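User: Could you take a close look at one helix in this model for me, and show how it sits in the rest of the chain? I'd like the geometry, the packing and the surroundings in one connected answer.

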Amino acid sequence: MKLNVELLETLKCELCNWKSFDEAQLQHKMRAFEKFPRAEYSIFYKPILTNECLMNSLVELGEAFFANSNLLSDVVSSMGYIIRRYGYVPSTTVFCLFTRAATNKKARYYVSLHLSSFPQFSTWAYRWDYLLSMPKIAPRKQSITNFHGEVKRLLHTKAQIPAEVVQHIADLLNAYVAKAALSDYSKTDYLNTICLLKRYLLH
């Protein structure tokens, strides 16, 4: 663990001084760094990962190398896990980077894993359009699973979802159940969600 913490601290310092490295070096460092927040939670990592200089530098990196899909994906994945697992409260600047990254063909999948956990998401004007776009994000098999999980979370929290959005969600899930080769457990899970959506429309 000590060696891991030392390596993470070194990477943090290097990323805070990212202008000292070229793009290839930064891509390599971001790839190594991303493994830490994605790994199991560690109390030893928290003070390093939630460092303000580090998070600001990651935003700068994402903006500076937006066209580098691999680097951008690692930035988004890293920040997403830091926000979800380590309790870092994202700024509006971070949220804007994520919504912009949703237009990047590779990074958009990593955006979809984390965006709804942002406090800004609940008041975002495009949140329903974004939610309905999730099943179309490649790889679609994983994205429909993520979409279903997000729908269940919304229903559990009793979020106020527009009726037309609820109907569209039900249609998407029905279409998936009809064509996908699902286990009995998964099929029942999807059908239960569809049933809850129909009840939602009755209230």
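Analyst: Happy to. Among contacts in the protein chain between residues at least 6 apart in sequence, 68% join residues at least 24 apart. Please keep in mind that this is a predicted model. The protein chain has 11 helices and zero strands, and its C-alpha trace spans about 55 × 35 × 30 Å along the principal axes. Of the 203 residues in the protein chain, 44% are buried.

Now to α2 itself. This helix covers residues 23–38, and because 16 residues at 1.5 Å a residue should span 22 Å, the 22 Å between its end C-alpha atoms agrees with expectation. At the start of α2, a side-chain oxygen of Asp 22 comes to within 3.2 Å of the backbone nitrogen of Ala 24.

Which residues of α2 are buried? They are Leu 26, Lys 29, Met 30, Phe 33, Glu 34, Phe 36 and Pro 37. Looking down the axis of α2, these buried residues fall within an arc of 145°, so they line one face of the helix. On the face turned away from that buried side, α2 carries the exposed residues Ala 24 and His 28.

Buried in α1 are Leu 8, Leu 11, Lys 12, Glu 14, Leu 15 and Cys 16, and what covers them includes α2, α3 and α4. There are zero disulfides in the model. Cys 13 is in none, and the nearest cysteine sulfur, that of Cys 16, lies 6.6 Å away. Cys 13 has a relative accessibility of 36%, so Cys 13 counts as partly exposed.

In soluble globular proteins, nonpolar side chains tend to be buried together. Here the largest nonpolar core has 64 residues, and Phe 33 is among those that touch the most other members, along with Leu 58, Leu 61, Met 79, Leu 115, Tyr 130 and Ile 169. The helix that gives the most to this core is α5, with eight residues. Leaving aside residues up to four places away in sequence, Met 79 touches Met 55, Leu 58, Val 59, Val 94, Leu 97 and Phe 98.

A last stop is His 114, in helix α7 (residues 107–114). Is His 114 buried or exposed? With a relative accessible area of 0%, His 114 is buried. Its side chain makes a polar contact with the side chain of Arg 84, at 3.2 Å. Apart from residues up to four places away in sequence, His 114 touches Val 76, Ser 77, Gly 80, Tyr 81, Arg 84 and Phe 98.

Definitions and conventions. Residues numbered from 1 in each chain as written. Predicted model: local features only at pLDDT ≥ 70, side-chain atom pairs only at ≥ 80, totals over all residues. Heavy atoms only, no water. Helix = DSSP H or I, 4+ residues; strand = E, 2+ residues; numbered from the N terminus. Expected span 1.5 Å × (residues − 1). Buried < 20%, exposed > 50% of the residue type's maximum accessible area, 1.4 Å probe, protein only. Arc of directions from axis to C-beta. Polar contact = N/O pair within 3.5 Å; in protein donor to acceptor, adjacent residues only side chain to side chain. Core = buried A, V, L, I, M, F, W, Y, C linked by side-chain atoms within 4.5 Å. Contact = heavy atoms within 4.5 Å. Disulfide = S-S within 2.5 Å.
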